[in-house]
Amino acid sequence: MGGGHFQEFEDEYLETLYHFHELKPGERVRNGDLANYLNISPASATEMVQRLARNGFVDYVAYKGVLLTEKGLEHGQMMKRRHRLAEVLLSALPFDGDIHETACRLEHAFDDDLEVCISLLLGNPILDPSGKNIPQPSERIAKRLDKSSNDMCKMNKLSSGNSGKILLIIHTSESRKVLQSIGLEIGSFIERKDDDYYCNGNLISIDENLSNQIVLRC
């Protein structure tokens, strides 16, 4: 078994333990409950929990259950955040597949750089598509977001008197036609004056939903 695959298993366990932490903070999770949730054998759950304990991610007491350490809590929170960010991203795209299952795969492809990028492009959302809270970023990610957030914004968040260039457009085949008809494309210069938008100096009409799918570099 490759190290990368095993790392994914560790990530999955820690994310699951963070899920239990969200429901009942500070309470130990019994191996049987963990095994049932992950649909694996109790023996497999015990083996992984013991491995996580050796690596400092959890505090495990036989017959009493497992509790995330500070290190494990940080990692589990990171994985849950990346999963829910992936769900928000997929919901914004013309994606017809299983959002949850696809997000489960995507979250393992995230690194710090991608997490920062996706957070900025999505406007650093606080809720996932089902209304669950997206965990706060780690301190290192938060510092990078604070440093970069002033450079990017969604078009509908552009303040009157400000301007920016289009960096990203998330659109469907239908909205693409609308965008083409009004001349909006990557690199277009957008200005906002009161409630009006101008594209390369020309007054345009665009609805709130579509302007929410356009990211500017200000």
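**Cysteines and a helix pair**

Author: Searching the whole of this predicted model turns up zero disulfides.

Reader: How do you know that cysteine 117 is in no disulfide?

Author: The nearest cysteine sulfur, that of cysteine 153, is 15 Å away. A disulfide needs the two sulfur atoms within 2.5 Å, so cysteine 117 is in no disulfide.

Reader: What makes cysteine 117 count as partly exposed?

Author: Its relative accessibility is 36%. Buried means under 20% and exposed means over 50%, so cysteine 117 goes in between, as partly exposed.

Reader: And is cysteine 199 buried or exposed?

Author: Buried: cysteine 199 has 4% relative accessibility, and the cut-off for buried is under 20%.

Reader: Which residues of α6 and α7 make the contact?

Author: From α6, Asp112, Asp113, Glu115, Val116, Ser119 and Leu120; from α7, Arg140, Ile141, Arg144, Leu145 and Ser148. Sorted by class, that contact has five charged, four nonpolar and two polar residues.

Reader: What makes serine 119 buried?

Author: Serine 119, part of helix α6, has a relative accessible area of 0%. Buried means under 20%, so serine 119 is buried. Leaving out residues up to four places away in sequence, serine 119 touches Arg81, Leu85, Asn124, Pro125 and Leu145.

How values were computed. Residues are numbered from 1 along each chain as its sequence is written. This is a predicted model: local features need pLDDT of at least 70, side-chain atom pairs count only at pLDDT 80 or more; totals for chains, interfaces and linings use all residues. Side-chain values use heavy atoms; hydrogens and water are left out. Contact means heavy atoms within 4.5 Å. Helices (H or I, at least four residues) and strands (E, at least two) are DSSP runs, numbered from the N terminus. Ala, Val, Leu, Ile, Met, Phe, Trp, Tyr, Cys and Pro count as nonpolar, Asp, Glu, Lys and Arg as charged, and the others, Gly among them, as polar. Buried means under 20% relative accessible area, exposed over 50%, partly exposed in between (1.4 Å probe, protein chains only).
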